[in-house]
Amino acid sequence: MKKVNIGLLGFGNVGAGTYETLYMNKSHIEKEAKVDIQVKKILVNSLDKPRLVEAPQELFTTNADDILLDKDIDIVVEVLGGVEPAASYMKKALENGKHVVTANKAAAADQFEDLVSLAEKNKLTIKFEGCVAGGIPILNAITTVLKANQFDEILGILNGTTNYILTKMADEGLSYDNVLKDAQEKGFAEADPTADVDGIDAANKLSLLMALSMGKYVHPSQIPTVGIRNVTLEDIEKAQQDNKTIKLIAEAKIKDGQLDYSVKPMALDNEHPLARVKNEFNAVFVKGNAVDELMFYGRGAGSLPTGSAVAGDVLRTAQIIASHRR
Ligand code: HSE
């Protein structure tokens with residue numbers, strides 16, 4: 001069986017979920033995909049920290065070059081979070097002949113064009129599924145089976161933390177601060193939840209979605225963005241009285257050849273399919289000129305759902321590598 005070696009940059013929530021997915025389904029992956037995927041090394045900050053998931057101690061390193069310069073590593077999986085050093089590590093991996101899979105939307109959206117052109121220049125792949133809407137395979141769908149469409153509308157709930165907070169505020173009348181703490185404990189919110197609650201995380205995801213579905217890259221800092229910090233229980237109750245639900249909506253629309261985009265709280269009619277998306281669940285509504293309207297729904301955050309998306313990209317990349325090694 002063809003063996004493909006992985007180097008994992010990061011072993012937090014998503015890194016551990018990726019590792020767990022690859023190993024709990026190892027025999028299934030070997031049987032179905034006919035490829036033996038081995039995690040060869042894992043970059044961590046500290047060798048002594050307790051781990052979310054067990055892995056052999058000899059896999060861990062604190063030196064990124066042990067992965068980026070290891071000739072036996074075929075795929076670098078970057079799940080560090082934050083723009084730097086993650087973006088530089090991905091570039092170094094591509095410069096050293098390694099395919100890249102990332103779930104780091106901040107780095108991917110910030111440096112999308114550089115990363116994609118570096119991958120193309122080196123005849124390598126870079127995959128982003130874990131960056132957008134956790135376990136929902138939206139990027140794979142729009143870049144494979146839906147590729148024959150032109151998309152003129154995307155509407156999404158792309159951040160699990162804010163959707164969880166808004167749901168608990170609306171359904172249980174809980175305060176914003178209490179629910180945020182709960183979301184962090186459950187592993188949805190980023191360590192620094194500013195990116196979640198201020199809409200920056202959703203803007204990063206919208207940037208990647210627009211680039212991959214509409215062929216138009218917009219840096220996340222150029223997307224008009226308002227978060228949920230100022231949404232009060234009174235706003236939510238007022239919306240409820242009008243049969244509406246407040247959601248943080250990422251939107252991109254092409255009208256008369258003009259692309260408009262934003263991230264902001266919107267009061268949706270309760271009948272709107274996105275109004276019914278609760279807790280940390282995400283949903284992405286897209287409209288293609290052949291397929292018409294589609295809606296994708298699933299867990300937008302969390303260790304195993306995001307690990308599933310990353311592991312899927314790893315598997316696909318491993319199959320490409322294996323097919324070239326005939
Ligand atoms: N903090 C993110 C969220 C994690 O809440 O959606 C998944 O990208």
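A residue counts as exposed when its relative accessible area is over 50%, and as buried when that area is under 20%. In this predicted model, Asp256 has a relative accessibility of 80%, and therefore it counts as exposed. Asn204, by contrast, has a relative accessible area of 8%, so it is buried.

**Domains and cores**

- The domain assignment divides the protein chain into domain 1, which covers 2–135 + 304–324, and domain 2, which covers 141–299.
- The C-alpha centres of these two domains lie 26 Å apart, and 16 residues of domain 1 are in contact with 17 residues of domain 2.
- The largest nonpolar core holds 71 residues, of which Val132, Ile138, Leu158 and Leu209 touch the most other members.
- Helix α11, made of residues 200–214, gives the most to this core, contributing eight residues.
- Because domain 1 and domain 2 both give residues to this core, the core lies between them.
- Apart from this core lies another one, of 30 residues, and among them are Ile6, Leu8, Val101 and Ala322.

**Asn204 in helix α11**

- Asn204 has its place in helix α11, and its relative accessible area of 8% makes it a buried residue.
- When residues up to four places away in sequence are not counted, Asn204 touches Lys105, Ala106, Ala109 and Pro220.

**Strands and sheets**

- Six strands form an open sheet, with parallel pairing, in the order β3-β2-β1-β4-β5-β6.
- The strands at the edges are β3 (60–61) and β6 (126–127), and each has a single partner strand, so one side of each is left without a neighbour in the sheet.
- Strand β2, which spans residues 35–43, pairs with β3 in the parallel sense over two bridges, and Ile42 stands opposite Phe60 in β3.
- Elsewhere, strand β10 (residues 281–288) and strand β11 (residues 292–299) run antiparallel and are joined by eight bridges.
- These two strands, β10 and β11, form a hairpin with three residues between them, and Asn282 stands opposite Gly298 in β11.

**Around the ligand**

- The residues around the ligand are Lys105, Asn159, Gly160, Thr161, Phe188, Glu190, Asp196, Asp201, Lys205, Gly300 and Ala301.
- Lys105 has a polar side-chain atom that lies 2.6 Å from an oxygen atom of the ligand, while an N or O atom in the side chain of Asn159 is 3.5 Å from an oxygen atom of the ligand.
- For Asp196, an N or O atom in the side chain is 2.8 Å from a nitrogen atom of the ligand.

**Details of the backbone**

- The peptide bond that leads from Glu84 to Pro85 is cis, with omega near 5°, and Pro85 lies in the loop between β4 (75–78) and α4 (86–95).
- Asn243, a residue other than glycine, has a positive phi near 60°, and its place is in the loop between α12 (233–241) and β8 (244–255).
- Asp256 is not a glycine either, yet its phi is positive, at about 50°, and Asp256 is found in the loop between β8 and β9 (258–269).

Note on methods:
Residues are numbered from 1 along each chain as its sequence is written. This is a predicted model: local features need pLDDT of at least 70, side-chain atom pairs count only at pLDDT 80 or more; totals for chains, interfaces and linings use all residues. Side-chain values use heavy atoms; hydrogens and water are left out. A nonpolar core is a set of buried Ala, Val, Leu, Ile, Met, Phe, Trp, Tyr and Cys residues joined through side-chain atoms within 4.5 Å. Buried means under 20% relative accessible area, exposed over 50%, partly exposed in between (1.4 Å probe, protein chains only). Helices (H or I, at least four residues) and strands (E, at least two) are DSSP runs, numbered from the N terminus. Domain bounds come from an automatic or database domain assignment. Two strands pair if DSSP finds at least two bridges between them. A residue is near a molecule or strand if one of its heavy atoms lies within 4 Å of it. A polar contact is a pair of N or O atoms within 3.5 Å; within protein, one must be able to donate a hydrogen and the other to accept it, and residues adjacent in sequence count only if both atoms are side-chain atoms. Contact means heavy atoms within 4.5 Å.
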